[in-house]
Amino acid sequence: MTVTSKGPLCPERQMSPRPYDVAVVGAGVVGTAIARELARHPHLHIALLEASADVGDGTSKANTAILHTGFDAVPGSLEARLVREGQRLLAAYAAESGIPVEPVGALLVAWDDAQLDALPGLLEKAGRNGYDAARIIGADETRAREPHLGPGVLGALDVPGESIICPWTTTLAYATQAVRSGVELHLNTRVETVSSEGGDHLLATSRGALRARFLVNAAGLNADVLDRLVLGAGDFTVTPRRGQLIVFDELARDLVRHILLPVPTALGKGVLVAPTVYGNVLLGPTAEDLDDKEATGTTADGLDGLLTKGRRILPALLDEEVTAVYAGLRAATEHDDYRIRCHKERRYVTVGGIRSTGLTASMAIAAHVAGLIAEADAGLDLEEPVEPAPVHMPNLGEAFPRPYQRADLIATDPAYGTIVCHCERVTRGEIRDALISTVPPASLEGLRRRTRARGGRCQGFYCGAAVRALHEGRGEWGPE
Amino acid sequence: MTRRQRSVDVIVVGAGPAGLAAARGLADHGVGVVEVLEREAVAGGVPRHCHHRGFGRWGVTGPQYAARTVEAALGSGARVRTGVTATGWAGPLTLDTTGPHGLERIAARAVVLATGARERPRSARLVPGTRPAGVLTTGELQQAVHLHAQRVGTRAVVVGAEPVGYAALSALRRAGVTVAALTTEEPRHQLGRAWAAAARLGHGVPVLTGATVAELLGRGRVSGVRLRHRDGRLTTVDCDTVVFTGDFVPDHELARRGGVALDPGTRGPAVDGAFRTGADGVFAVGNVLHAVEPALWAAREGALAADAVRGFLDGSGPARGGPAIEVAAPLRWVAPNRAVPQVPVDAFVLRTSQALTRPVLVVTQDGRRLHRQYVPRRALPNRTLHLAGRWTRSVDATGGPVRITVGGPRGGNLGAATE
Ligand SMILES: Cc1cc2nc3c(=O)[nH]c(=O)nc-3n(C[C@H](O)[C@H](O)[C@H](O)COP(=O)(O)OP(=O)(O)OC[C@H]3O[C@@H](n4cnc5c(N)ncnc54)[C@H](O)[C@@H]3O)c2cc1C
Ligand SMILES: Cc1cc2nc3c(=O)[nH]c(=O)nc-3n(C[C@H](O)[C@H](O)[C@H](O)COP(=O)(O)OP(=O)(O)OC[C@H]3O[C@@H](n4cnc5c(N)ncnc54)[C@H](O)[C@@H]3O)c2cc1C
């Protein structure tokens with residue numbers, strides 16, 4: 001198993017290392033899913049290259065964590081198809097890998113006549129997307145199903161198939177399975193230039209050069225930049241669309257039962273209120289078109305706007321404590337669909353414009369990309385995939401037993417009975433396991449995404465120093 | 001899922017000054033098995049990591065104070081079990097716990113909640129900006145420096161000028177961190193006497209009043225804070241560490257999960273003068289009631305609550321009920337916040353949201369004046385304000401809510417007293 005994060009990619013002694021069959025650039029949820037999919041062909045020598053020190057450190061860590069049905073996609077689009085298929089694939093994969101998913105269902109709540117009038121159109125669109133379980137419900141039923149909604153509810157579109165999921169575990173499960181199946185994951189590896197040599201791609205990275213026969217661009221917000229590096233031109237430009245979110249404390253969880261989606265109208269798209277699998281409640285996101293691909297900060301105006309909207313939807317929410325505020329950037333483009341293109345002659349696939357549904361669609365995108373590669377390069381021989389050994393991820397979800405609740409686990413190892421992070425009830429055993437896992441965290445933030453440690457209402461007042469001590473002392477538990 | 005089932009006489013949740021004092025008061029009087037549950041590996045509560053002086057009657061350091069209170073509780077015969085978290089309720093007086101020895105379900109005849117308080121972190125204060133490392137609260141800072149000897153940074157901005165700010169300055173000094181500025185939204189700092197000590201400790205620290213943190217800057221590690229001043233001006237202070245101090249909130253999770261009603265002002269359990277919550281047999285003491293008071297005050301409440309718990313156990317306690325006590329702006333909250341005529345209260349704690357110069361506190365019920373008290377000094381936001389408690393005897397147990405207002409010198413409503 002190979003995960004590297006420092007030093008030259010190609011040690012000097014080894015003058016001509018074996019070129020990779022495929023290099024995937026970007027270890028977000030999309031890139032890791034593709035690497036995992038390709039790893040089903042054990043003969044392939046695959047590299048997964050990530051500029052950041054951890055997987056899932058870009059947009060994939062900061063979204064609203066919904067496993068969509070695709071009921072509201074643009075009918076007939078590639079996105080509509082991949083979301084629909086991806087939802088099915090990921091739901092099944094989650095069940096076997098221990099990725100927490102809760103099928104809570106969604107309600108698109110109408111607060112004014114324009115929104116109410118938009119519901120039949122949405123219902124019809126859902127039908128065209130092959131989703132038949134939606135229906136329109138009246139104000140009384142809406143209120144009965146969500147008793148804490150603010151005044152003025154007129155009705156809702158009920159979409160029972162929408163679920164909430166853990167985005168962190170999803171990316172990590174893909175990465176773990178990919179690495180265990182032989183993919184070489186190189187972190188802190190930014191691809192800087194790409195040239196071609198004897199038909200192969202020659203990649204210059206922040207950690208030295210690397211050669212690959214086939215190249216997959218899953219660079220998220222930078223997919224357009226990489227496209228220009230490889231092709232000299234691109235057919236789309238990424239305009240980051242920022243989404244700011246507020247996370248409320250777990251004590252707010254009882255206030256909401258479904259994902260409360262806004263009804264999109266000509267006047268704009270509202271914000272959602274949704275539970276998380278960790279037992280929190282999300283409020284957001286905003287939608288701001290920016291030109292800075294690193295503008296993941298929150299703003300006073302953004303947060304104020306969210307609170308104003310949140311107060312209308314679920315007034316009692318505003319009395320609860322806030323545990324986190326964050327922002328993610330959607331890789332929006334000038335096109336109304338994903339930009340997945342295979343440049344057969346260049347042995348290159350671009351996976352661009354994976355805007356606001358990439359988590360859901362990830363496995364279907366990966367299968368689609370594998371299909372494109374198989375077609376483009378018969379030499380790679382993607383005929384007979386084998387099933388990788390299943391992974392079983394540590395559970396971060398509240399709907400399933402957590403280690404601190406499991407007498408059986410604590411009996412085998414008291415570390416699972418030693419709670420370190422009190423707000424999120426994370427045990428020493430879980431922190432240790434994360435630190436010695438296949439894809440270990442590079443930072444406290446990475447540790448939080450693997451365990452929830454330090455992610456609760458106190459944000460480290462109680463446990464911050466203790467968690468840091470465990471992280472810094474990780475050598476105690478195994479190789480660094 | 002197997003839980004070991006046990007019963008004891010009294011469970012105290014939290015081995016801070018309040019819980020330990022309650023346990024000691026109970027065990028000293030031979031109240032059967034008194035068991036204190038403490039989720040940290042070491043008992044003592046917050047004082048464990050406050051290395052400055054100023055604890056208890058003699059002003060010892062926090063760790064010294066913590067050690068003494070733990071010893072006193074153990075000496076009385078109370079059990080103190082560390083590393084054990086009360087995770088939830090299995091019945092009105094039955095708690096589920098997790099510890100390295102497994103899961104338990106412990107039934108008791110009474111439960112005392114002494115779970116303390118914490119500071120609001122940056123996120124809860126809705127401070128915009130990036131999410132860099134190097135942003136902490138005083139509690140985390142103190143533990144990093146004093147319990148784990150971790151490196152903190154080189155140049156810090158301390159936000160908030162409540163008395164706890166001086167604890168942050170002291171820990172930063174110990175860690176060899178330069179303090180670039182101490183900022184507060186208030187028109188003046190409120191360090192009071194503590195400030196004198198702080199000024200000595202952090203010699204030459206600029207205090208920026210009327211300044212709000214408008215944005216945190218930096219990726220990876222914090223690189224500075226943008227401050228908005230009262231006149232709207234924005235300035236930037238470079239730093240690699242930001243400490244958010246004060247803005248305490250009770251750690252009320254366990255209370256809420258048990259359906260214990262909260263007071264809307266304190267956000268801690270609503271209690272009467274006998275520290276009885278709305279749930280029969282469940283008591284609450286210390287900073288979970290009123291974030292945040294000195295350790296000695298928390299310990300005194302623990303001792304008083306021990307008497308009340310004994311009264312409850314032998315059936316000699318006064319009847320429950322009694323009207324709620326409410327405050328009017330600019331007062332923020334009062335604790336205790338339920339008045340029972342037969343339960344004497346020696347003092348109430350209050351907070352104001354504005355500075356008040358020599359205010360007069362007026363207590364009424366259904367238009368009837370119960371008490372009027374002149375406060376011979378300035379009352380500052382985030383600082384303790386006390387009100388005598390003798391008047392509770394004249395409360396009508398079946399009447400409407402008791403109201404505390406700030407009156408003018410002649411008993412009018414809110415006079416020139418505010419500034
Ligand atoms: C606010 C918000 C809410 C959302 N809600 C949902 C939702 O509810 N459900 C859903 O399904 N989807 C949702 N999404 C969308 C989803 O998060 C994205 O579609 C998905 O994360 C995209 O994954 P990715 O792998 O393409 O991009 P990323 O996660 O950004 O990964 C790209 C990676 O490429 C790396 N990289 C870039 N350039 C280089 C280079 N030159 N060299 C090496 N590495 C490089 C980056 O460091 C990054 O890690 C939401 C998005 C946002 C912003
Ligand atoms: C930075 C700082 C500086 C201070 N300086 C001074 C000073 O100089 N002088 C002074 O007099 N006071 C000072 N104080 C105040 C003093 O520390 C508090 O008044 C005192 O600690 C309050 O005691 P407590 O028992 O109510 O709560 P805490 O001391 O907070 O103790 C609560 C305990 O309950 C435990 N607990 C909580 N939930 C559970 C659970 N579910 N299961 C098991 N255990 C649980 C916690 O781990 C904790 O140990 C300071 C406070 C701070 C934060």
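This is a predicted model: local features need pLDDT of at least 70, side-chain atom pairs count only at pLDDT 80 or more; totals for chains, interfaces and linings use all residues.
**Entry 1: a strand in chain B**

I began with strand S24 of chain B, residues 347-352, and asked how covered it is. Six of its six residues are buried, so I noted the strand as mostly covered. I then looked at the faces one by one. In a regular strand the side chains alternate between the two faces of the sheet. On one side of S24(B) I found B:Ala347, B:Val349 and B:Arg351, and on the other B:Phe348, B:Leu350 and B:Thr352; all are buried, and both faces are covered.

Next I looked up the strands that pair with S24(B). Strand S23 of chain B, residues 331-335, is joined to S24(B) by four bridges, and the two run antiparallel. Here B:Leu331 stands opposite B:Thr352. Strand S29 of chain B, residues 385-388, is also joined to S24(B) by four bridges, again antiparallel. In this pairing B:Leu350 faces B:Leu385 as its opposite residue.

**Entry 2: salt bridges**

I turned to charged pairs. Side chains of opposite charge can pair when their charged atoms come close. My search of the whole structure gave 64 salt bridges over all chains. I picked a few from chain A.

The side chains of A:Arg449 and A:Asp54 meet at 3.3 Å, N to O. I checked the accessibility of both partners: A:Arg449 is buried at 7% relative accessible area, and A:Asp54 is buried at 3%.

A local pair came next. A:Arg81 and A:Glu85 form a salt bridge at 3.4 Å, N to O. They are four residues apart in helix H2 (residues 78-97) of chain A, which means about one helical turn separates them. A:Arg81 is partly exposed, with a relative accessible area of 33%, and A:Glu85 is partly exposed as well, at 27%.

A:Glu102 lies in strand S5 (residues 101-102) and A:Arg253 in the loop between strands S14 (239-248) and S15 (259-261), so the pair ties together parts 151 residues apart in sequence. A:Glu102 counts as buried, at 15% relative accessibility.

Terms used: Residues are numbered from 1 along each chain as its sequence is written. Chains are lettered from A and ligands numbered from 1 in the order in which they are written. Side-chain values use heavy atoms; hydrogens and water are left out. Buried means under 20% relative accessible area, exposed over 50%, partly exposed in between (1.4 Å probe, protein chains only). Two strands pair if DSSP finds at least two bridges between them. A salt bridge is a side-chain nitrogen of Lys or Arg within 4 Å of a carboxyl oxygen of Asp or Glu.
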